[in-house]
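Welcome! Take a moment to look over the sequence and the 3D view, and then we will walk through them together.

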Amino acid sequence: MPEQVAPNGKLRHLISLKGLDRPMVESVLAKARTYIAAPDAQAPSDTSLTNYTVANLFYEASTRTRASFELAARRLDAKVLNLDVNTSSRTKGESILDTIYTLQAMHIDVFVVRDAGTGVPAMIAEAVAPHVCVLNAGESDTSHPTQGLLDLLTIQQHKQDIKNLKVAIIGDVRRSRVARSAAEALQLFDVGELRLIGPDEFLPDAEDFPGAHRFTDATAGIQGADVVMALRIQKERFDKAGEIPDNNAYFRRYGLTQALLRHADKDAIVMHPGPMNRGTEIASDVADGHQSVIRDQVANGVAIRMAVLSIVTDYVRSMRSSS
Ligand code: CP
């Protein structure tokens with residue numbers, strides 16, 4: 001793992017929330033709060049990325065993360081390159097590092113990378129020039145740090161003290177980078193209790209989520225929870241299609257319905273990172289119901305990515321002025 005924080009104390013890369021200390025995470029959250037506006041207000045913007053160039057390289061499908069990184073960069077006045085990976089020279093056999101070196105020669109300052117391979121963002125961060133930053137936009141089932149940050153910000157907007165919260169994550173936790181980064185973020189803030197709910201084959205190894213409680217009974221797991229996060233079945237990460245459960249059978253046992261949600265605290269919030277499969281892991285009336293903060297998560301995603309871009313380009317600025 002490359003050093004994410006430079007010797008001058010500035011955040012340079014964001015590969016994982018592991019290894020970041022609480023003051024660093026709090027500084028990102030505080031900056032993100034300055035980029036939040038009411039839904040009917042003008043989108044926040046500033047010029048902190050004027051004269052910086054951001055390249056988005058998404059080697060896995062994405063709607064929210066890709067759109068919000070692009071909007072975040074543009075609202076900070078960056079120049080933005082969205083590489084169309086399907087028509088890039090990677091299809092002719094060029095390695096990802098050769099792609100990076102090629103774009104770096106075109107004066108890219110920040111690479112935003114999503115890839116299905118564990119370790120790819122870290123490998124790129126080790127390889128780039130000293131003035132260049134790398135942001136992980138979703139890595140295999142391992143890490144999705146900006147999602148963890150936006151989830152933490154969303155919970156803080158709705159709940160007073162993370163220390164007193166019972167947070168229940170229900171679904172395909174084993175294959176979820178969202179759950180891993182959410183757990184890392186919540187544990188940094190001393191979450192009261194973290195519960196993981198799903199069939200045995202969807203629950204991770206205990207050492208993957210130290211301190212979390214595992215439940216195969218959804219009603220028991222959700223009892224009294226203050227935050228309920230539903231997860232999609234990560235079908236693209238199954239070795240064999242035959243292992244994917246039947247949608248209807250799964251929904252009956254683990255779908256987040258109003259009937260199941262009634263066992264949580266009456267003021268519980270409902271989260272989902274998206275994309276949602278309504279009728280498989282969550283019922284439509286829960287996704288769109290008054291307890292849902294799913295749209296807040298989306299809005300906060302732009303704010304968090306603006307904050308991260310602004311903070312890491314501060315590092316680039318420090319390197320430029322010292323050279
Ligand atoms: N939450 C999330 O990562 O969504 P996308 O896959 O649409 O980016």
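Domain bounds here come from an automatic or database domain assignment. With that in mind, this predicted model has a protein chain assigned to domain 1 (22–144 + 298–322) and domain 2 (145–295). The C-alpha centres of domain 1 and domain 2 lie 26 Å apart.

**How the domains meet**
- Across the boundary, 28 residues of domain 1 are in contact with 27 residues of domain 2.
- Where does the ligand lie? Both domain 1 and domain 2 give residues to the shell around the ligand, so the ligand lies between them.

**Who surrounds the ligand**
- The residues around the ligand are Ser62, Thr63, Arg64, Thr65, Arg114, His144, Gln147, Pro273 and Gly274.

**Polar atoms facing the ligand**
- In the side chain of Ser62, an N or O atom is 2.6 Å from an oxygen atom of the ligand.
- Thr65 also has a polar side-chain atom 2.6 Å from an oxygen atom of the ligand.
- For His144, a polar side-chain atom lies 2.9 Å from an oxygen atom of the ligand.

**How covered the ligand is**
- The ligand exposes 260 Å² when taken alone, and the protein buries 93% of that.
- If you look for the largest pocket, you will find that it is the space taken by the ligand.

Definitions and conventions
Residues numbered from 1 in each chain as written. Predicted model: local features only at pLDDT ≥ 70, side-chain atom pairs only at ≥ 80, totals over all residues. Heavy atoms only, no water. Near = heavy atom within 4 Å. Polar contact = N/O pair within 3.5 Å; in protein donor to acceptor, adjacent residues only side chain to side chain. Areas by Shrake-Rupley, 256 points an atom, 1.4 Å probe, with all protein chains shown as cover. 1 Å grid on protein atoms, 1.4 Å probe; cavity = no way out; pocket = protein on both sides within 12 Å on 5 of 7 lines; lining within 4 Å. Sits in = over half its atoms within 2 Å of the grid points. Contact = heavy atoms within 4.5 Å.
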